[in-house]
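Hi,

Here is the structure I promised to pass on.

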Amino acid sequence: MALFDLRLQDVHSKLRTKELSALDLVEASYAQIAKTDESIKAFLTLNEEGARKAAAELDSALQAGGEQGLLFGLPAGIKDNIVTEGITTTCASQFLSNYDPIYDASVVKKLKAAQSITIGKLNMDEFAMGGSNENSSFFPTRNPWNTEYVPGGSSGGSAASVAAGQVYFSLGSDTGGSIRQPAAYCGIVGLKPTYGLVSRFGLVAFASSLDQIGPLTKNVEDSAYVLQAIAGYDPGDSTSANVDIPDYASALSGDVKGLRIGVPKEYMGQGIDPAVKEAVLAALKQFESLGAAWEEVSMPHTEYAVATYYLLASSEASSNLARFDGVRYGVRAENPDNLIDLYRKSRSQGFGSEVKRRIMLGTYALSSGYYDAYYLKAQKVRTLIKQDFDNVFKDFDLIIGPTAPTTAFRIGEQVGDPLTMYLNDICTIPVSLAGVPAISVPCGFADGLPIGLQIIGKAFDERTVLRAAHAYEQHTEHHKQRPQL
């Protein structure tokens, strides 16, 4: 068994008995990166000196009888739109290729408090805009199961690094599916928490009403532990929810008897690959055998979700990215004629084509004469989509369906067709618009590529989501399979 396949408790037991050290874990991480990242391309920046120093300090503290933090010694990768003091944070954009933050994001502070070790920063679609990681301005990340295929996006580096065994876990961000979809494509577990449960302070904003940070892990248990470490109220984030944080790991009882599951017919209809549909139905049978009950439901406004999302997310991106002007931080164009020319050249040179496309769409939707027809209308439809969830949750505990309509696609296959690319998020976008939690867990394979099962819960009811996901995982072998690298 590979070192990073050990359960968290087993790793900590070996650390206590001195069979392992934190430095051993760090060295194992960098050895696997050296072995595999030439083909996977998950990392943009490595924190080798800082990680080894942190590991040595943890080992010394443990030797002196210090307490182990929740994530003691575990090597972690951080998506490159989460700021890290002293480690370049680029958002995979040429615009921020020289940006060295002077502070840590709140989630990074929480990981340090839990005594995790940051290994490096992970590749992504530029400013988190994309679903394949092909929009990185540096290089595309590749799927560890087949390097001719995409790992998903925008947290493609975060998913690929965990699937390739380069880190014990990673953090990603999810705006319309950017944790769950790459988790599905790479055969790992990806959790999008309820909006507001995890602080966004220090997350470079794409769409502020949708963005949420969450963990990508090898199994559900690890996901519960990482969520425990990063969840909680943060006064630095005005959208942070001041709610009690329960013990997530204690929910992993394996018992789902009596759970009521709704399966939206809109998530299993046209456009869903037959192999994906078959895997999801097999998973539902597994839940039945464990004592849960499911039935088909309808969420009639699902068909409007993709259009609604791209209007709202692009509008918010247009506003959020206005700060990148070549004056305050980031790359500045050389030899501009005047201030307006500086703005024009800096943004033209710094942003990639997908970012420009979304800025233009968002600016148009917010412009005078079109605001009511597009942005305001989209907000009203968002409310209807949320009401679909509210109505189902009156009678059901969970909603289950596929994470993505297909398995991963070939690199280059859809990059020239934005509309087709956008439709890959049809199953994840409604969840983001409603702000509720969802997890993707492996549920099978098709042509050697993983399939993801999406389990959706009520707002702030991550315990039920994790309980169901863990129970399913314990009765299958999908999450134990690893790509051959």
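To start you off: is D37 buried or exposed? With a relative accessibility of 11%, D37 counts as buried, where buried means under 20% relative accessible area, exposed over 50%, and partly exposed in between (1.4 Å probe, protein chains only).

Before the rest, some ground rules. This is a predicted model, in which local features need pLDDT of at least 70 and side-chain atom pairs count only at pLDDT 80 or more, while totals for chains, interfaces and linings use all residues. Residues are numbered from 1 along each chain as its sequence is written, and side-chain values use heavy atoms, with hydrogens and water left out.

Back to D37. This residue sits in helix α2 (residues 22-40); helices (H or I, at least four residues) and strands (E, at least two) are DSSP runs, numbered from the N terminus. Leaving out residues up to four places away in sequence, D37 touches Q32, A42, F43 and Q166, contact meaning heavy atoms within 4.5 Å. A polar atom of the D37 side chain also lies 2.7 Å from the backbone nitrogen of A42. That pair is a polar contact: N or O atoms within 3.5 Å, where within protein one must be able to donate a hydrogen and the other to accept it, and residues adjacent in sequence count only if both atoms are side-chain atoms. From D37 to T383, 346 residues apart along the chain, the C-alpha atoms are separated by 43 Å.

Now for the annotations. In UniProt, an unreviewed entry places "domain: Amidase" at residues 24-466. UniProt positions are given in the numbering used here, feature names are shortened, and annotations may be inferred rather than shown by experiment. Over residues 24-466, the chain is 37% helix and 14% strand, and the end C-alpha atoms are 30 Å apart.

The unreviewed UniProt entry also lists K79, S154 and S178 under "active site". These three span 100 residues in sequence, yet no two of their C-alpha atoms are more than 11.1 Å apart, so they gather at one spot. From this set, S178 is part of the lining of the largest cavity.

What does S154 touch? Setting aside residues up to four places away in sequence, its contacts include K79, N123, D125, N133 and S178. S154 is in the loop between β3 (117-122) and α5 (156-163), and counts as buried because its relative accessibility is 0%. The peptide bond joining G153 and S154 is cis, with omega about 5°.

S178 is in the loop between β4 (169-174) and α6 (180-186). It is buried too, at 7% relative accessibility. Beyond its neighbours within four places in sequence, S178 is in contact with K79, A128, G130, G153, S154, S155 and S173. Its side chain reaches the backbone nitrogen of S154 at 3.0 Å.

About that cavity: the count comes to 1 cavity of 30 Å³ or more. On a 1 Å grid over the protein atoms alone, a cavity is a set of points where a 1.4 Å probe fits but cannot get out, and lining residues have an atom within 4 Å of a point. Grid points are joined across faces, edges and corners, and a volume is the space filled by probe spheres set on the points. The largest cavity holds about 60 Å³ of space. Its lining includes A128, G130, S178, F206, R358 and D425. By class, the lining has 4 nonpolar, 5 polar and 2 charged residues; Ala, Val, Leu, Ile, Met, Phe, Trp, Tyr, Cys and Pro count as nonpolar, Asp, Glu, Lys and Arg as charged, and the others, Gly among them, as polar.

A few backbone points next. Most residues other than glycine have a negative phi, and most peptide bonds are trans. N133 has a positive phi, near 70°. This residue is in the loop between β3 and α5 and is buried, with a relative accessible area of 0%. F460 has a positive phi as well, near 65°; F460 is in the loop between β11 (449-456) and α15 (462-474) and counts as partly exposed at 37% relative accessibility.

Finally, helix α4 (residues 106-113). Its buried residues include S106, V107, V108 and L111, and the buried residues of α4 pack against β2 (75-79), β4, β6 (212-217) and α7 (220-230).

Cheers

Technical notes
1 Å grid on protein atoms, 1.4 Å probe; cavity = no way out; pocket = protein on both sides within 12 Å on 5 of 7 lines; lining within 4 Å.
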